[in-house]
Amino acid sequence: MTTALLVMDFQAGIVSRIPGAEALLGNVTTAIDTVRGQGGHVGWVRVAFDDADFAAISSTSVMARMVTPETRDAMHADSPATQLHAQLTPHADDIVVRKTRVGAFTTTDLDAQLTDRGVTKLVLAGISTSGVVLSTVREAMDRDYAITVLADACADPDPATHEFLTGTLFPRHATVSSIRDL
């Protein structure tokens, strides 16, 4: 199959900050089961840093505002906060990448892994809609993927921003759908 579901930033430390996290996790689990059941691929994307990554963060990077001396330990690749949420478990043949930027492509080999599997269509689920989802939609569009955003498998700290992106901006470049229509 030429479709991959990208489950982005569903990490313990991020999921715990989202209101309605249990419902969101249920929706993502349903999406994963649906895509697997249809023979699609599942890709897991998480943001985390090793010591060399910390040293390479430019002071002008948006990541410099997120990775401060106070948050550094929690953002480390070995931190429990950067691991996938306990309810989500990759399979051995899934795509798994660790990123150090907002979008899923920039600091990973995600595009190469998708290309090697013949993937041309991406289905996106992620936290946050205004972060990883927005950046990944734009990057995927530039890489000529067909894109579907699962509105009910994405969340943002600001519900109004989520509604604007899924209702107004994303439909210009992607199909916005729900788990039910997957």
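Predicted model: local features only at pLDDT ≥ 70, side-chain atom pairs only at ≥ 80, totals over all residues.

**Strands, helices and pockets**

Modeller: Strands E5 and E6 run parallel and are joined by 3 bridges.

Colleague: What makes E5 and E6 a pair?

Modeller: Pairing requires at least two bridges between two strands. E5 and E6 have 3 bridges, so they count as paired. One of the residues concerned is Thr-148, whose bridge partner in E6 is Thr-175.

Colleague: What is the strand order of the open sheet?

Modeller: The sheet has 6 strands in the order E3-E2-E1-E4-E5-E6, and the pairing is parallel.

Colleague: Why are E3 and E6 said to stand at the edges?

Modeller: Strand E3 (95-99) and strand E6 (175-177) each have a single partner strand, so one side of each is left without a neighbour in the sheet. From one strand to the next, the twist averages 20°.

Colleague: How do you know that H7 lies across the sheet strands E1, E3, E4 and E5?

Modeller: The criterion for contact is heavy atoms within 4.5 Å. H7 lies across strand E1 (3-8), E3, strand E4 (121-127) and E5. Relative to E4, H7 runs at about 165°.

Colleague: What makes the protein chain as compact as a globular protein of its length?

Modeller: Let me begin with its content. The chain has 8 helices and 6 strands, and along the sequence they follow the pattern β-α-α-β-α-α-α-β-α-β-α-β-α-β. Its radius of gyration is 15 Å, close to the 16 Å that the globule rule gives for 182 residues, so the chain is as compact as a globular protein of that length. Along the principal axes, the C-alpha atoms fill a box of roughly 45 × 35 × 30 Å.

Colleague: Which residues are closest to the centre of the largest pocket, and what is its volume?

Modeller: The volume is about 450 Å³. Of the 23 lining residues, Asp-9, Ile-14, Arg-17, Met-66 and Ile-127 are the closest to the centre. At least two lining residues come from each of helix H1 (12-15), helix H4 (62-66), helix H5 (72-75) and helix H7 (129-142). H4 gives the largest share, 3 residues.

Colleague: How is the lining of the largest pocket divided by class?

Modeller: There are 13 nonpolar, 6 polar and 4 charged residues.

Colleague: What lines the second largest pocket?

Modeller: That pocket holds about 180 Å³ of space. Of its 13 lining residues, Ile-18, Pro-19, Cys-154, Ala-155 and Asp-156 are the closest to the centre. Helix H2 (21-37), strand E5 (146-155) and helix H8 (159-169) each supply at least two residues. By class, the lining has 8 nonpolar, 3 polar and 2 charged residues.

Key: Residues numbered from 1 in each chain as written. Heavy atoms only, no water. 1 Å grid on protein atoms, 1.4 Å probe; cavity = no way out; pocket = protein on both sides within 12 Å on 5 of 7 lines; lining within 4 Å. Points joined across faces, edges and corners; volume = space filled by probe spheres on them. Helix = DSSP H or I, 4+ residues; strand = E, 2+ residues; numbered from the N terminus. Nonpolar A, V, L, I, M, F, W, Y, C, P; charged D, E, K, R; others polar. Axes fitted to C-alpha atoms, helices over the stretch in contact; angles between N-to-C directions. Rg over C-alpha atoms; globule rule 2.2 N^0.38 Å.
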